[in-house]
Number of protein chains: 2
Amino acid sequence: MSADTVFGACPVPARGYDRVVMGHGSGGRLSADLLQQVFLPAFEGQVLAALEDQATVELSGTRMALTTDSFVVRPIFFPGGDIGTLAVNGTVNDLAVGGAVPRFLSAAFILEEGLPLEDLERVARSMRRACDAAGVVLVTGDTKVVDRGKADQLFITTTGVGAYPPFRPPVSIAAARAGDRVLVSGTLGDHGVAILSVREGLEFETTLESDTAPLTGLVQALLEAASGVRAMRDPTRGGLSSSLHELAAASHVGVHLEEASIPVRREVRAACEILGLDPLYVANEGKLMAVLAPEQAEAGLAALRRHPLGTNAAIVGTVVAEHPGVVTMRSVVGGERVVPMLAGEQLPRIC
Amino acid sequence: MSADTVFGACPVPARGYDRVVMGHGSGGRLSADLLQQVFLPAFEGQVLAALEDQATVELSGTRMALTTDSFVVRPIFFPGGDIGTLAVNGTVNDLAVGGAVPRFLSAAFILEEGLPLEDLERVARSMRRACDAAGVVLVTGDTKVVDRGKADQLFITTTGVGAYPPFRPPVSIAAARAGDRVLVSGTLGDHGVAILSVREGLEFETTLESDTAPLTGLVQALLEAASGVRAMRDPTRGGLSSSLHELAAASHVGVHLEEASIPVRREVRAACEILGLDPLYVANEGKLMAVLAPEQAEAGLAALRRHPLGTNAAIVGTVVAEHPGVVTMRSVVGGERVVPMLAGEQLPRIC
């Protein structure tokens with residue numbers, strides 16, 4: 001048996017596609033394949049940010065962070081936010097988890113002919129509120145229109161520029177070491193389940209809301225309280241599992257999770273059971289995953305919990321030297337299993 | 001009769017839409033309306049670059065230029081280039097015409113399920129070649145996938161960061177003065193007609209090719225040769241007419257064109273006649289429009305003509321104090337007419 005067989009690998013064939021499939025947008029293994037097969041060869045020596053969520057560039061002696069994301073979420077309005085909120089917070093968070101202070105945004109809109117202008121106005125107002133909340137300024141934009149049936153209402157691409165503080169924390173997805181602890185800032189899966197319950201018309205006693213939020217303040221609080229922050233990520237599409245797999249691969253380490261420690265809302269767990277989802281793979285849009293040196297983990301946890309966005313923060317796992325590249329988990333009933341890398345697409349168009 | 005009636009205004013009602021129409025993406029009056037009605041109110045005090053093609057921001061004491069554009073051209077491959085070439089050159093050119101030196105790019109891809117990976121690879125290679133030719137580096141990216149029928153093969157959004165030289169030329173679309181001369185760097189309409197002839201299956205003796213090219217070198221040559229450069233633009237969607245209308249509105253001046261001086265390829269003119277188009281409104285993707293102080297116009301023209309991208313450069317008009325906001329033209333047969341602002345959509349999805 002090969003190591004792949006032992007560790008379960010992925011249930012869907014990940015390679016050998018000659019056309020784009022939905023899974024190429026999953027944030028999981030197929031997304032990584034697309035990067036490896038198409039983009040990295042074409043941009044050899046470029047695409048500096050292939051592995052991180054943002055790139056660091058130097059311009060006239062000033063180092064800055066740059067990141068971009070397209071947002072294609074369906075539906076464009078959902079409990080807790082809309083595509084505009086998401087487009088601002090998503091890009092803000094990619095900068096923040098790289099240790100940068102988000103400053104400027106650009107926004108490019110692709111509109112489908114027939115979109116009510118009222119919807120566009122509502123999204124624009126949401127973006128403005130999100131910019132104000134995150135302390136960023138939208139400085140430039142673009143609008144294109146495509147014929148009816150050639151887009152889906154509204155796609156937004158935001159690009160963010162961030163400044164590094166004078167003593168920039170050397171956080172990197174490749175910096176984790178055995179013994180480090182893995183923290184999350186709150187409950188997992190809220191965004192993905194909120195979107196899916198709207199799509200599927202599911203109703204719960206309480207409305208499930210997206211957790212979309214800017215992480216800038218939470219990240220600053222963590223960095224000020226704990227010097228041993230090695231890596232940060234906002235586990236969006238592909239969920240915590242995908243962020244941990246990226247960390248494991250980039251840092252050449254294994255990760256071991258304790259299922260009992262992972263915070264998941266009761267309603268989200270119930271919805272996941274109905275929908276056949278695993279909260280570890282479901283997108284978050286306002287949660288921080290942080291990897292800290294062991295002696296700093298408790299201080300980091302306390303700092304997260306003091307922040308309004310981190311009241312449910314928890315230490316959920318440990319970085320290990322064994323099984324590099326592989327994520328394992330001890331289940332609530334005590335068994336240990338491999339957490340496979342997301343292969344296909346669990347929740348299309350979640351962000 | 002109101003001034004609007006005298007000057008012909010636009011043949012399509014520009015206001016009062018409650019849904020997005022194709023014309024909102026034209027680069028003409030409806031695009032300006034969308035900005036005024038939706039985006040400027042929502043982002044009051046932000047969107048610094050509403051009128052220019054790029055924004056100037058300051059980060060840790062360094063001034064830089066930032067610009068973004070989505071590309072939705074159909075078809076994605078055409079004579080002279082493809083959507084990838086366009087996505088790089090378009091953003092590079094927006095930086096260059098603002099007097100910045102393009103340095104870094106981000107690229108976000110929205111892929112339609114079913115897109116052949118071969119096509120994506122070809123586009124990625126084109127982008128790499130275009131980056132190398134323009135002297136920019138792609139530093140970060142994103143990929144999203146949407147279901148079949150919810151996009152049209154491939155949309156690309158690029159964002160560019162540019163550096164300003166120590167003595168930054170104070171070029172601005174609002175800086176034109178009466179007496180200034182209007183220059184174009186070459187033949188008009190090549191890109192739009194190349195796209196349209198592919199779409200319509202038109203055949204000519206010679207293949208009409210898009211003029212897509214990075215303008216960085218041409219702009220540098222002009223700035224070095226002539227100190228009196230007031231404004232620069234790359235007249236893309238909406239053509240030279242739209243760039244001149246923006247200039248006239250922002251600088252509170254009129255513009256007077258000499259039709260006989262405007263360079264248009266014979267085949268492009270023929271195609272425009274067949275298709276019922278006016279080359280003044282057709283998109284260019286590798287042409288520079290520059291407004292120069294009168295005493296510098298000849299030096300500027302000579303500099304443009306010495307550059308490979310400027311061999312057909314010409315002085316095509318004059319900035320006038322009369323009729324502010326209005327563009328007029330003396331036709332080849334001697335009559336004078338108003339060149340109306342593009343109202344609706346002449347060529348949808350041209351870039």
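## Reading a predicted two-chain model

User: Pro75(B) lies in the loop between S2 and strand S3 (77-78) of chain B. What kind of peptide bond joins Arg74(B) and Pro75(B)?

Analyst: First, a caution: this is a predicted model. Now the general idea. Most peptide bonds are trans. The bond between Arg74(B) and Pro75(B) is cis, with omega at about -5°.

User: And in chain A, where is Pro75(A), and what joins Arg74(A) to it?

Analyst: Pro75(A) sits in the loop between strand S2 (62-71) and strand S3 (77-78) of chain A. A cis peptide bond links Arg74(A) and Pro75(A), and omega is about -5°.

User: How much area do chain B and chain A bury between them?

Analyst: The size of an interface is often given as the accessible area lost when the parts come together. For chain B and chain A that is about 7100 Å², with 66% of it on carbon and sulfur atoms. On the chain B side, Val20(B), Leu59(B) and Leu117(B) lose the most area to chain A, and together they make up 10% of what that side buries. By residue count, 80 residues of chain B are in contact with 80 residues of chain A.

User: How many salt bridges are there between chain B and chain A?

Analyst: Six. One to display is Arg349(B) with Asp147(A): their side chains meet at 3.0 Å, N to O. Polar contacts come next. There are 26 residue pairs in polar contact across the interface of chain B and chain A, both residues at pLDDT 80 or more.

User: Which elements of chain B give two or more residues to the side that touches chain A?

Analyst: Color by secondary structure and read them off. The helices are H2 (29-42) and H4 (117-134) of chain B. The strands are S1 (55-59), S2 (62-71), S5 (101-112), S6 (137-146) and S7 (154-163) of chain B. S6(B) gives the largest share of that side, ten residues. By class, the side of chain B that touches chain A has 42 nonpolar, 18 polar and 20 charged residues.

User: Now inside one chain. Into which domains is chain A divided?

Analyst: Domain 1 covers 1-49 + 170-351, and domain 2 covers 53-168. Their C-alpha centres in chain A lie 22 Å apart.

User: How much do domain 1 and domain 2 of chain A bury between them?

Analyst: Read this boundary as you read the chain interface. Domain 1 and domain 2 of chain A bury about 2400 Å², 58% of it on carbon and sulfur atoms. Thr212(A), Arg349(A) and Cys351(A) supply 24% of the area that domain 1 buries against domain 2, more than any other three residues. In contacts, 28 residues of domain 1 of chain A meet 31 residues of domain 2 of chain A.

User: Which residue forms a salt bridge with Arg349(A)?

Analyst: Asp152(A), with the closest N and O atoms 3.0 Å apart. The count between domain 1 and domain 2 of chain A is one salt bridge. Polar contacts between these domains number eleven residue pairs, both residues at pLDDT 80 or more. On the domain 1 side, helix H5 (190-200), helix H6 (216-225) and strand S9 (229-233) of chain A each give two or more residues. H5(A) gives the largest share, five residues. That side divides into 16 nonpolar, six polar and six charged residues.

User: Last one. How many salt bridges are there over all chains?

Analyst: The whole structure holds 26. Among them is Arg230(A) with Asp180(A), at 2.8 Å, N to O. Arg230(A) is in strand S9 of chain A, and Asp180(A) is in the loop between strand S7 (154-163) and strand S8 (181-184), so the pair ties together parts that are 50 residues apart in sequence.

Key
Residues numbered from 1 in each chain as written. Chains lettered and ligands numbered in written order. Predicted model: local features only at pLDDT ≥ 70, side-chain atom pairs only at ≥ 80, totals over all residues. Heavy atoms only, no water. Contact = heavy atoms within 4.5 Å. Buried area = accessible area lost by both parts, 1.4 Å probe. Salt bridge = Lys/Arg side-chain N within 4 Å of Asp/Glu carboxyl O. Polar contact = N/O pair within 3.5 Å; in protein donor to acceptor, adjacent residues only side chain to side chain. Helix = DSSP H or I, 4+ residues; strand = E, 2+ residues; numbered from the N terminus. Nonpolar A, V, L, I, M, F, W, Y, C, P; charged D, E, K, R; others polar. Domains from an automatic or database assignment.
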